[in-house]
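Student: Hi, I have a new structure open. Could you walk me through it?

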Amino acid sequence: MESRDILALGLGVTPPWRLADQRLDTDRSPHVLEIRLEAERGAMFACPVCGRACKAHDFKDFTWRHLNFFQHHCRITARVPRTDCPEHGVRRAQVPWAREGSGFTLLFEQAAMALVREMPVLAAARYMAITDKRLWRIVEYYVARGLEGIDLSGLRGLAFDETASRRGHNYVTVFIDMGRAERPVVFATPGKGKQTVRAFKAFLRAHGGRPDRVAQVVCDMSPAFLAALAREFPQAAVSVDWFHVVQLFTRAVDEVRKAERRHAPMPAAARWAVLKAADGGRLTHKQAAALAELEAGDFLTAAAWRIKEKLRWVRRAASLQAARWRLTCFLRHAREQVAEEPLLDAVARALDTVEKHRTLILQRWTSTYSNARLEGLNSLFQAARARARGYRNTATFITMIYLIAAPLADLFNSI
Ligand SMILES: [Zn+2]
């Protein structure tokens, strides 16, 4: 076997294509192995529409970046014909080593996709010596194709939440299938309003799903979301995620702390002490001391914090009946604490919100799904932000969320 045959074999070139020429261009750094492919004279080519074998109408040179040949870059150039089909006219033929419109071979793209599964896109782009913009185009193509195959016919439980691509900007709403333990993200879309729920409904229909079969939905207390759900999924039992209830009070405690700080000097570690204790985080010695000082000093921040902590007691209720009773007690007791204390206004507003959505909050005790999956979204968002760093916008952020957490089964197999 000659070296040319070995190279042709490695490239997977099959008739009518054959290796015509190979040359190592040492004028460039890194060196480039230039490979030229051509079709046998008089060969017939498949019409890209119907597959009929047609004569070549004319030819044009195209070049693709291929996998490195040892330490050298590698480019493939071929004279690609246009077919002359009696039915479909003159069209550019497809080549077996690259997809239409791409400047890379399929093997190069496959290697790129394997890398971006493991590392940030920017790092993968540097490794493959292409711009991250071009790599994003590859990733977006394969993720979009993988999404086409998502089957939502079995979707019965839905949860969604919004997040920002950058702090305070470019919101994205992410929908998860509560029935999927692995890769639960089935839809992500720009925005955070009612139109996202409508967009999901259309996506669900387009992927074999039935909106009227969605029995349960878990979300936060955003009025826009709740109104949209009532309209688009009227039969679904909506429950408010407990995580968002806690978040509501965590923010209120922080507001009280900021307001009170203007009137009274407060221990420096107070901020993290009151925020962390809620999440069950372990306090440092300083933070524990700050918390004790807040309590001893009769600070209203401490009163707000105690109200928030009391939520744990509600959360631990073993039945719907017990939860209903505990929530009633919690609201009554907390109301007494905040009454006629303007500094505790933020907590009073949080209590109003809970009161208003009381039924939806209690729904969690009858829901068959755990809240853990929605909470897990936060770490997913963080990972997606990190992996899309450098070239992050709403579109690349969404693509990365899908790549990390959507069930894109045929992403690599079908290449
Ligand atoms: Zn045709």
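Student: What radius of gyration does the chain have, and what would a compact globule have?
Tutor: The chain has 29 Å, while a compact globule of 415 residues would be near 22 Å. That radius is taken over C-alpha atoms, and the globule rule is 2.2 Å times the number of residues to the power 0.38. This is a predicted model: local features need pLDDT of at least 70, side-chain atom pairs count only at pLDDT 80 or more, and totals for chains, interfaces and linings use all residues. Residues are numbered from 1 along each chain as its sequence is written.

Student: OK, and what does the C-alpha trace span?
Tutor: Along its principal axes, about 90 × 50 × 30 Å.

Student: New topic: how many helices and strands are there?
Tutor: The chain has 15 helices and 12 strands. These are DSSP runs numbered from the N terminus: H or I of at least four residues for helices, E of at least two for strands.

Student: Which residues of α12 are buried?
Tutor: Ala346, Val347, Ala350, Leu351 and Val354. Buried means 20 or more other C-beta atoms within 10 Å of a residue's own, exposed means 12 or fewer, and partly exposed is in between, with C-beta atoms placed from the backbone.

Student: Why do they line one face?
Tutor: Down the axis of α12, they fall within an arc of 140°, so they line one face of the helix. The arc is that of the directions from the helix axis to the C-beta atoms.

Student: And what is on the face turned away from the buried side?
Tutor: There, α12 carries the exposed residues Asp352 and Glu355.
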